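Please look through the structure shown below before reading on.

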Amino acid sequence: MFSFNLNALDMRERPVLYILFMLALPMGASAALAAPVEQSIQYAGAKRHYLVSLPPGYSDRTQCPLILVFHGGGGNPEQVLKSTDMADRAAREGWILVAPAGSGRLNRLLTWNVGFGFGYAMSAGVDDIGFVRRLIEVLQAAYRIDPDRIYATGISNGGILCHMLAGHLSDRIAAIAPIVATAGGRAEGRAQWLHPPDPKHPVAVISFNGALDQSIPLAGGLQQRSWAEPVEVWSAQQTIDFWVRHNRCKPDPVVERNDAAQFERTTYSGGTGGNEVVQVVLLNQGHAWPGGSKGYRQGDEPTRLVSANDLMFEFFKRHPRRR
């Protein structure tokens, strides 16, 4: 087993030593080549961890896109990468992948503070927006990242965070791909909805929702299943309407239904700088990552007919940041 501590290295030395480490591996060590490396930074008085996966042949002479992958509530970086195959996909595409860790009293049951829902991060008032902004700065100082190709995806609580980040960090993030998430929520009976701030720059969006989802119901309203006290959430259409409005897309979408693959795709085009907003509804799936595996034993079964990874990478490639 090969291991070394990147946290002990100067930030500028990490990419070079990572490559030397990769080249030193024996032939046939493909599992080790794909293994992300844990790093950490200090933010707001806390040590925050994240996994970094550099693509094969990474060189600081060439800019790479960056994709941030956010686990769901009660998950962790290792779990989301295992259940989605995102690290391998990013490596094949030649992208840098980073999977940050949320906060929690237990190291493997972590959450993000999106202002509504459940978990330690929200109850403790953790500044996850500020953490991600700082993390992007640290990554840009350490690696050759294309500043116009920074993307975010995540599932459930992590997908909601993607929506929030797109509002707060529209100067950094080009596009997002939230999985079984919503952009708005509130405690039951409360008057005020919590949702992203109005973005200052356009952010392309491809959103995936399950028609059978009980945790984030397609039609919105009170959660039918929750780890804690149920909250009310925006419908998939309310979420899409938010981004269509702020990206100034044409109001009349193109709707495609694929009965063989059991999904419906609604595309709003003509946004600022050519941006799009796309809603993909999985007709035979609940709360899961399309094309992935169950995030936990009692989780919903993901569809095998549609790959969120395929669709999001195709979408991301079409949508660099619009200045």
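Which residues form one aromatic cluster? In this predicted model, the cluster is made up of Trp95, Tyr151, Phe313, Phe315 and Phe316. The points below are grouped by topic, beginning with the aromatic rings.

**Aromatic rings**
- The structure holds nine aromatic pairs, and a pair of aromatic rings is described by the distance of the centres and the angle of the planes.
- Arg48 lies over the face of the ring of Phe131, at 3.9 Å from the ring centre.

**Helices α4 and α9**
- Helix α4, covering residues 86-93, and helix α9, covering residues 308-318, have axes that come within 11 Å and cross at roughly 40°, which makes α4 oblique to α9.
- The crossing in which α4 passes α9 is right-handed.
- On the α4 side the contact is made by Met86, Arg89, Ala90 and Glu93, while α9 contributes Asn309, Asp310, Met312, Phe313 and Lys317.
- The residues of this contact divide into four nonpolar, one polar and four charged.
- Phe313, one of the α9 residues in this contact, also belongs to the aromatic cluster.

**Helices α6 and α7**
- Helix α6 (residues 128-142) packs against helix α7 (residues 157-168) at an angle of about 70°, with the axes 10 Å apart, and α6 and α7 are therefore roughly perpendicular to each other.
- Here, too, there is a right-handed crossing, in which α6 passes α7.
- Asp128, Ile129, Val132 and Arg133 of α6 make the contact with Leu161, Met164, Leu165 and His168 of α7.
- Sorted by type, the residues of the contact of α6 with α7 are five nonpolar, one polar and two charged.

Methods
Residues are numbered from 1 along each chain as its sequence is written. This is a predicted model: local features need pLDDT of at least 70, side-chain atom pairs count only at pLDDT 80 or more; totals for chains, interfaces and linings use all residues. Side-chain values use heavy atoms; hydrogens and water are left out. Axes are lines fitted to C-alpha atoms, for helices over the stretch in contact, and angles run from 0 to 180 degrees between N-to-C directions. Helices (H or I, at least four residues) and strands (E, at least two) are DSSP runs, numbered from the N terminus. Angles under 35 degrees count as roughly parallel, over 145 as roughly antiparallel, 65 to 115 as roughly perpendicular and the rest as oblique. A crossing is left-handed if the near helix is turned anticlockwise from the far one by less than a right angle, and right-handed if clockwise. Contact means heavy atoms within 4.5 Å. Ala, Val, Leu, Ile, Met, Phe, Trp, Tyr, Cys and Pro count as nonpolar, Asp, Glu, Lys and Arg as charged, and the others, Gly among them, as polar. Rings of Phe, Tyr and Trp (its six-membered ring) pair if their centres lie within 6.5 Å; planes under 30 degrees apart count as stacked, over 60 as edge-to-face and the rest as tilted. A charge sits over a ring if NZ of Lys or CZ of Arg is within 6 Å of the ring centre and within 35 degrees of the ring normal.
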